[in-house]
Amino acid sequence: MDFSIALILLQDGIVNGAIYALLGMALVLVFTVTRVIFIPQGEFVAFGALTLAMLVNGRVPGTAYLLPLLGAVVLVLELVRAVRTGSWAALPKVVLTCVILPLALLWLASAYAAPDNSLWLNMLLALVLIIPMGSMIYRIVYQPLAEASVLVLLIVSVAVHFALTGLALVFFGAEGWRTPAFVSGQVNLGPATWSAQSLFVVGTCALLILALWLFFGKTLYGRALRATAVNRRGARLVGISTTMSGSLTFTLAVAIGAMSGMLIAPITTVYYDTGFLIGLKGFVGAIIGGLASYPLAAAGAVLVGVLEAFSSFWASAYKEVIVFTLIIPVLVWRSFSSHHTDDEE
């Protein structure tokens, strides 16, 4: 390996690591607020990439049909709750957000889909189709189990992963998709030549991380999520709805996953099950951060990306093994350096 090859591998590692950093921070966010290890995070990476790719090719994406299906399930659950409690006040909002909005988006996607549409407008429509799924998944699966143990929530997450993978196969098919690059060209930075697409990915990830920092530090809802992450019972006592916090958290996580998928769509061919391995690598970064520290999770994810890039050069057949083996020393070190605490502490 000479210096030029090392620079190319480092560039690939940083680009992949930036994506893993976003996913790792989303996993930390979900876990700290809801105690859910959100294994299905990777499925929304695939949803984002495949939705954008199908729109680029002038086809109605599978998420346009999946969203009304999830909305119908939420409506049924809310009807059952209303009958049991006798409270019907929330039902009009549910009908609007889970029935009328998904059907309107399905009509919009059907009317809008064409091969010559703007890539940026396709990206915006893809986000609008995917982001509402976050709160729906939380309402269907996790809200009824909000007080369950971490182990139960982990088992449920595994089940949700398999369910979403199956739905992705049904709604998107087994064919792989790619999208055009958002930007083209080459940029010379010192001794290295970067593609404009790679710099766009890294810059977008940096902007999203900055936006998350501002959201948590400067907004009321961000501070409410931080309070819920520190102490769920205390947050409830001061009037913060943990249901709202959970729904907002899943919405943010799904948005980050979808955006990450769109960023990698021009770089690699994405299949219905591609997101699982990508999400797991973000999970390795989150584990390095102890599922608690956002900066450490981001740094760990970049380390994972660089390690993966150099492993693909030296031992490409074992690069996944090398990356996931990184979890073992981290877990051993944390087992000796941390003490058991209750969930509420």
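Helix H4 (residues 91-112) and helix H5 (residues 119-130) pack at an angle of about 155°, with their axes 11 Å apart, where helices (H or I, at least four residues) and strands (E, at least two) are DSSP runs numbered from the N terminus, and where axes are lines fitted to C-alpha atoms, for helices over the stretch in contact, with angles running from 0 to 180 degrees between N-to-C directions. That angle makes H4 roughly antiparallel to H5, since angles under 35 degrees count as roughly parallel, over 145 as roughly antiparallel, 65 to 115 as roughly perpendicular and the rest as oblique. The structure is a predicted model, in which local features need pLDDT of at least 70 and side-chain atom pairs count only at pLDDT 80 or more, while totals for chains, interfaces and linings use all residues. Residues are numbered from 1 along each chain as its sequence is written, and side-chain values use heavy atoms, with hydrogens and water left out.

The crossing of H4 with H5 is left-handed, a term used if the near helix is turned anticlockwise from the far one by less than a right angle, with right-handed used if it is turned clockwise. In this pair, Leu105, Leu108, Ala109 and Tyr112 of H4 meet Leu121, Asn122, Leu125, Val128 and Leu129 of H5, contact meaning heavy atoms within 4.5 Å. By class, the residues of this contact divide into eight nonpolar, one polar and no charged, where Ala, Val, Leu, Ile, Met, Phe, Trp, Tyr, Cys and Pro count as nonpolar, Asp, Glu, Lys and Arg as charged, and the others, Gly among them, as polar.

A second pair is formed by H1 and helix H8 (residues 196-218), which pack at an angle of about 25° with their axes 9 Å apart, and the two are therefore roughly parallel to each other. H1 passes H8 in a left-handed crossing. On the side of H1, the contact involves Gln11, Ile14, Val15, Ala18, Ile19, Leu22, Met25 and Leu29, which meet Ser198, Val201, Val202, Cys205, Leu208, Ile209, Leu212 and Phe216 of H8. The residues of this contact comprise 14 nonpolar, two polar and no charged. An α-helix has 3.6 residues a turn, so residues three or four places apart point the same way.

Gly42, Glu43, Val45 and Ala46 of H2 make the contact with Gly275, Phe276, Ile278 and Gly279 of H12, and the residues involved are four nonpolar, three polar and one charged.

Two residues of H2 were examined individually. Val45 lies in this helix and counts as buried because its relative accessibility is 1%, buried meaning under 20% relative accessible area, exposed over 50%, and partly exposed in between (1.4 Å probe, protein chains only). Leaving aside neighbours within four places in sequence, Val45 is in contact with Leu23, Gly257, Ser260, Gly261, Ile264, Gly275 and Ile278. Thr51 is also located in helix H2, which spans residues 41-56, and at 0% relative accessibility it counts as buried. The side chain of Thr51 makes a polar contact of 2.9 Å with the side chain of Thr63, a polar contact being a pair of N or O atoms within 3.5 Å of which, within protein, one must be able to donate a hydrogen and the other to accept it, with residues adjacent in sequence counting only if both atoms are side-chain atoms. A polar atom of the Thr51 side chain also lies 2.6 Å from the backbone oxygen of Phe47. Not counting residues up to four places away in sequence, Thr51 touches Pro61, Thr63, Ala126, Leu129, Ile130 and Phe172.

Helix H6 (residues 132-142) is mostly covered, with nine of its 11 residues buried, among them Tyr138 and Arg139. Arg35, in the loop between helix H1 (3-34) and H2, counts as buried at 8% relative accessibility, and its phi is near 70°, a positive value in a residue other than glycine. Ser184, in the loop between helix H7 (150-172) and strand E1 (186-189), is exposed, with a relative accessible area of 69%. Phe310, which belongs to helix H13 (residues 294-314), counts as partly exposed at 24% relative accessibility.
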